[in-house]
Amino acid sequence: TAGASHRGSLAVKKAAIPRAYRGTIGALILVEADEQGIRCLRAIQKEGAALGYKVTDIDAGYDPSKEIAGMNTFINEKVNGIITFATDDVLLAPEIKRAAAAHIPVIALTGGPVVPGLTWSLDMPESVYSSAVETLLFKDILRSGRDRTAVEMVLPSAVPCRRREAAFEQTAKAFPQIKLIKYGINGTNPVEDAYSYFSTYLLAHPNLGGVVSCWDIPVTGLITAATADDISTSFTVTAINGSSDSVARMQNGQPYLKADVGIHLAMASYDATVQLVNLLQGKKTTIPTSRYSTMKWDMLTPGNLPPKGDVEFPSWLPTGWKPNYWK
């Protein structure tokens, strides 16, 4: 049912709103334990405060029921506007429509297609860079002389990873020589889960061709397993998200990880906040008439990395922002 009373409730993190604030923006984040989630949230908070708005956040923790409840909480609290990150717009379609009826604009960052009532979908081009990073891996495997086998790490509980997985599968059709083995990672404990899986797998398959991961957090566990004293192996890893641990490993010359898609997340979150506030204040926006556009991204490789210690190039950041804006 579409009615809010039938779709749950969730306590929002409240704080007294000083009189100086013009209003409140609700930020619904798929999972704040993930670095991308916290980077997005910090960017929204930073720009929201600069524009005079309090940002309250709800962490859905990979739980679809909490996504629904979180949206209903914001609507019932009568926030001025909502920004979501990595949540499922199709799942939330009734709540988004309800928000629109209450004159609460909703901007979705990497939520997928535009659904009725959505103000703007600023999406990640999942199929484009997922295909690019897997193609890079498969071509490397074919050149390498290693087994023509690749492990694909996926996270079915997260919408971005489901979309990336679909792109992986489509891309794999062009490489019938590669045997693809799919492994579903535990999203609440990805590093330890990847370590446990690959500690066993690599002993049995020391000539593995490579690994592609729908996001790069599990790569830490994978590389730890690969560098254990009782395992001697060489393979290529590619991933998506451009998180600090994986980028630092490339910056320090770690040999396994050859590519990690980096997304201009600070700028996307900044843009979403600016456009939302412009809407709230009756100012002109540059939201496309289609209500859909995509974020910018780059392929991070050992020859194309941000300055050591950073995860985003200075050119990816809003004017005046420092690379540690999210820490």
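Predicted model: local features only at pLDDT ≥ 70, side-chain atom pairs only at ≥ 80, totals over all residues.
**Salt bridges and a helix pair**

A search of the whole structure finds 10 salt bridges. Side chains of opposite charge can pair when their charged atoms come close.

- Glu35 forms a salt bridge with Arg39, with the closest N and O atoms 3.7 Å apart, and the two residues are separated by about one helical turn because they stand four residues apart in helix H1 (residues 35-50).
- Arg39 also meets Glu312 in a salt bridge, at 3.0 Å from N to O, and this pair links distant parts of the chain, since Arg39 is in helix H1 while Glu312 is in the segment after strand S12 (297-300), 273 residues apart.
- Glu35 counts as buried at 11% relative accessibility, Arg39 is buried at 1%, and Glu312 is buried at 2%.
- Through shared partners, salt bridges join Glu35, Arg39 and Glu312 into one network.

**A bridge between a strand and a helix**

- Asp123 forms a salt bridge with Arg163, the closest N and O atoms being 2.6 Å apart; Asp123 lies in strand S5 (residues 120-123) and Arg163 in helix H5 (residues 159-172), so the pair ties together parts that are 40 residues apart in sequence.
- Asp123 is buried, with a relative accessible area of 1%, whereas Arg163 counts as partly exposed at 24%.

**Helices H7 and H8**

- Helix H7 (residues 219-226) packs with helix H8 (residues 244-251) at an angle of about 45°, their axes lying 9 Å apart, and the two helices are therefore oblique to each other.
- Val219, Thr220, Ile223 and Thr224 of H7 make the contact with Asp245, Ser246 and Arg249 of H8, which by class gives two nonpolar, three polar and two charged residues.

Note on methods:
Residues numbered from 1 in each chain as written. Heavy atoms only, no water. Axes fitted to C-alpha atoms, helices over the stretch in contact; angles between N-to-C directions. Parallel < 35°, antiparallel > 145°, perpendicular 65-115°, else oblique. Contact = heavy atoms within 4.5 Å. Nonpolar A, V, L, I, M, F, W, Y, C, P; charged D, E, K, R; others polar. Salt bridge = Lys/Arg side-chain N within 4 Å of Asp/Glu carboxyl O. Buried < 20%, exposed > 50% of the residue type's maximum accessible area, 1.4 Å probe, protein only.
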